[in-house]
Amino acid sequence: MTNSINEIPNTKAMFVIGSNATEAHPVIGTKMKQALAKGSKLIVVDPRCTNLAEHSDVWLRLRSGTDIALINGIMNIILANGWEDRAFIEARTEGFEETRKTIEKYPPELVSQITGVPVEQLIEAAKLYATAECAEIFYTLGITEHVCGTDNVKSLANLAMLTGNLGKESSGVNPMRGQNNVQGACDMGALPNVYPGYQQVANPEVQAKFEAAWGVPLSPKNGFTIPDMFAAATSKNLRALYCMGEDPVITDADANHVRKGLQSLDFLVVQEIFLSETAKLADVVLPGASYAEKTGTFSNTERRVQMVNQAIKPIGNARTDGEIICDIATRMGYPFEYQSSAEVMQEIARLTPIFGGITHARLGTQGLQWPVPTIEHPGTKFLHEGKFSRGLGQFVAIDNQLPAELPDKEYPFLLNTGRKLSHYNVFTQHSPSLEIHSPEELAEVNPVDAKRLGLEVNEVVKVTSRRGEVKTKIKITERVPVGMIFMTFHYFDSPTNELTNGAYDKTTKTYEYKVCGVQITKIA
Amino acid sequence: MEWLTLTIDGREVSVLKGSTVLEACRRNDIPIPTLCHDPELTAGGACRLCVVQIEGMRNLPPSCVTQVTQGMKVETQNPKVRNARKTILELLVANHPLDCMTCQKMGNCSLAEFAYEYGVTGEIYQGERRNLPIDESNPFILRDPNKCILCGKCIKACSEIQGKSILDFSYRGFDAQVGPAFNVPYNESDCDFCGSCVSVCPVGALVEKQMVGKGHPWEITKVQTTCPFCGVGCNFDLNVKDGKVIGVTSNPEAPVNGKALCVKGRFGMDMIYSPHRLTTPLIRKDGVLVPAEWDEALDLIASKFGEIKKNYGPDSIAALSSAHCTNEENYLMQKFMRAVIGTNNVDHCART
């Protein structure tokens, strides 16, 4: 997030797109409701009627995958009414004129045809967002999990720059990160193209710095991303995989393709706290420790690095993931001799400018928001004040793009996927209380479709895509539009990613989990 | 910012304009008992336990809703004030179950704490007792309306923190109680089970069901940590007794969330002790995963990685690091792949 979570209650308008915050990021959802209670306006853009949509001033029920057209349309309306922030555009940005030409191709009537959103609602949304004293954009995977995910995000950046809603309190472009430490895993360089702190592996100076620190020659070549790995495994270019705390068979799109890749490996090591579907395919399984059993840090979605403090010893014969990695490194002839995770953080701080002033002692009970360049620096509440990281903010002209696979005659329903409040990803079914509370998938189907297919509440149906099939119970609800089925990915018995499409965004290689074509069939 | 000076129990103190008398006292370590007050919630002046005497005022005003004025003279502990508080406590205890020995809240109950301080035994007013059904309808929250003192904090937490407004008062007088609309059990209401109501309850009316019978506050060590269930980064306290996590409680100092949590953060910690946890390394032998010693498993991995690197080059090995693991562990994993294996083939589920 460019801005901080506790700035939310003071904002004047919220533009929430592709985000079901009250379920997927519940405490941010409560902060949004606190803002509403203080008079903030709320615009929700989502094909599903989420809980926030029910509380919104205007709910834009767009067709899945038409976000770029919608955002361009809103910018078109803002420009037509003179609601843009001229001073901000001139002083802080570049590339506006070219982008304006693209925006002009998206008049409200055309955008309404593409998105299915009435013109009046587009105007209302544009007005509420652009004329507020400060306004925050929030997005989640409804924006990024599309083949045009990166362009969706850039469109939102255009919208924020157009209205000067960056670099100040209670504004900004605020992605809500999914997992507890997905921000931190990125910050730490668990990515094939960057070292910790987003320092490029292809940059010779950076390479030299890490070679000097680690005392070995390093590769300047970007590595495989996850989708590359499964393809490389299938073609035998990849021989071994060390998989820590992930279950790609369940969480990656097109599970059968993933399984095939993993089965082609010569050697698969899985380090996990449960015997996951991926672990079941492994040659060696190592028992890791849960969050309660180790000390370290997580970085949250607002860049706050916070302590994770060990409360109990690892269960049974389990060991912390850090300890296991150090042991393997040492056995391979490169001793990793750290006395504690605090000592690892000292090395991180030495090599990572944005973490330069972070120590476990400084984090204490309140944490610090990066960038924290020096030991005296208090951390950074919001980004881009006065200046963007790259200098001027770059407007990018972007045209609407279609999803990779839309419903057709054979697979007439659009499958949308996401989370529900009572579960988190794929392992909370191991919590007895959450399992009792919410034991099974309840795919959402619109009453019109249910009637047409003769489906009853709680009926178990078969859902099929070009890639696989699953069985699931259904719930009949107007939360989903006609022609859509919504499923979560939390349940072992209804592994939704057997169905999803492996097509991905060209820049991030994020799969298009939010749109694919499926068929719903009665079983009985 | 304008500062005001007032005198509390003969001591001169300065506070910001707009502060309440209660805030002035708390900031200066002057103890005032409260049951219905919480710094995260709007003040209601409901319980009246925080009454003080203020020169020039006719009655004893509740300090939580009385704003400081310049030159104000406050007395917090004189006999008149203490008697008034004692009477309030006597009335509350008159229909409060006194099964404290088996109450989950024992040792952490505000009513018991103040009854002890003010010598309230429950003998003065022998009134009628409530006998309402206990709500055990869900796996998370145990609700005993008989123990409720009607302070209203849970109602405010539900509306002001969580924005749900599931709870409210119903009925009048002696029959007054708090609950979801039409008095349905929690699981039949629209409750999210965030448990904010539990986190503010001053007595044993709302408790964490999983913690019942598992330990008393004085036996528990609280360890502040960061929630593992989404990117918001809520902090809470793991409650540990005899080396075992028995529950989660809010930590009011949590920088992101204060007392607020969601159903997963507050109640999903039982996942730690799932019988499905892996507790020993496994090695595939004759097609089957069988338990193994750590040394055998780690030696096998080191030798296989070494062999594959030698035969096919470092880029034939890849790692999936984890958005569930710590920063330090992710750092170690990427360093292992880059410096030990010699490849940049490291990624994690940020993109998937």
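Side chains alternate along strand E19 (residues 469-476) of chain A. A:Val470, A:Thr472, A:Ile474 and A:Ile476 point to one face and are buried. A residue is buried if 20 or more other C-beta atoms lie within 10 Å of its own, exposed if 12 or fewer, and partly exposed in between, with C-beta atoms placed from the backbone. In a regular strand the side chains alternate between the two faces of the sheet. Strands (E, at least two residues) and helices (H or I, at least four) are DSSP runs, numbered from the N terminus.

The model is predicted; local features need pLDDT of at least 70, side-chain atom pairs count only at pLDDT 80 or more, and totals for chains, interfaces and linings use all residues. Residues are numbered from 1 along each chain as its sequence is written, while chains are lettered from A and ligands numbered from 1 in the order in which they are written.

E19(A) pairs with strand E17 (residues 442-445) of chain A through four bridges, and these two run parallel. Two strands pair if DSSP finds at least two bridges between them. A:Glu444 has A:Lys475 as its bridge partner in E19(A). Strand E18 (residues 460-464) of chain A also pairs with E19(A), over five bridges and in the antiparallel sense. Here A:Val463 stands opposite A:Val470. A hairpin of four residues joins E18(A) to E19(A).

A:Ile485 lies in strand E20 (residues 484-488) of chain A. A:Ile485 is buried, with 23 other C-beta atoms within 10 Å. Leaving out residues up to four places away in sequence, A:Ile485 touches A:Phe413, A:Leu415, A:Ala443, A:Glu444, A:Val445, A:Val463, A:Val480, A:Val518 and A:Ile520. Two residues are in contact if their C-beta atoms, placed from the backbone, lie within 7 Å. A:Ile358 is 127 residues from A:Ile485 in sequence and 45 Å away in space, C-alpha to C-alpha.

Helices also pack within chain A. The axes of helix H4 (residues 67-80) and helix H8 (residues 119-130) of chain A come within 9 Å and cross at roughly 70°. That angle makes H4(A) roughly perpendicular to H8(A). Angles under 35 degrees count as roughly parallel, over 145 as roughly antiparallel, 65 to 115 as roughly perpendicular and the rest as oblique. Axes are lines fitted to C-alpha atoms, for helices over the stretch in contact, and angles run from 0 to 180 degrees between N-to-C directions. H4(A) passes H8(A) in a right-handed crossing. A crossing is right-handed if the near helix is turned clockwise from the far one by less than a right angle, and left-handed if anticlockwise. H4(A) contributes A:Gly73, A:Ile74, A:Ile77 and A:Ile78 to the contact. H8(A) contributes A:Leu122, A:Ile123, A:Ala125, A:Ala126 and A:Ala130. By class, this contact has eight nonpolar residues, one polar and no charged. Ala, Val, Leu, Ile, Met, Phe, Trp, Tyr, Cys and Pro count as nonpolar, Asp, Glu, Lys and Arg as charged, and the others, Gly among them, as polar.

The contact between the chains takes 122 residues from chain A and 98 from chain B. On the chain B side, the largest share, 13 residues, comes from H8(B). That side divides into 51 nonpolar, 32 polar and 15 charged residues.

Helix H16 (residues 321-331) of chain A meets helix H8 (residues 327-341) of chain B, with axes that come within 9 Å and cross at roughly 15°. The two helices are therefore roughly parallel. Their crossing is left-handed. From H16(A), the contact includes A:Ile325 and A:Cys326; from H8(B), the residues include B:Leu332 and B:Phe336. The contact holds seven nonpolar, one polar and three charged residues.

Four bridges join strand E9 (residues 240-244) of chain A to strand E14 (residues 317-320) of chain B, and the two run parallel. A:Ala240 stands opposite B:Ile317, and A:Leu241 stands opposite B:Ala318. Both faces of E14(B) are covered, with B:Ile317 and B:Ala319 buried on one side and B:Ala318 and B:Leu320 buried on the other. Within chain B, E14(B) pairs with strand E15 (residues 346-347) in the parallel sense over two bridges.
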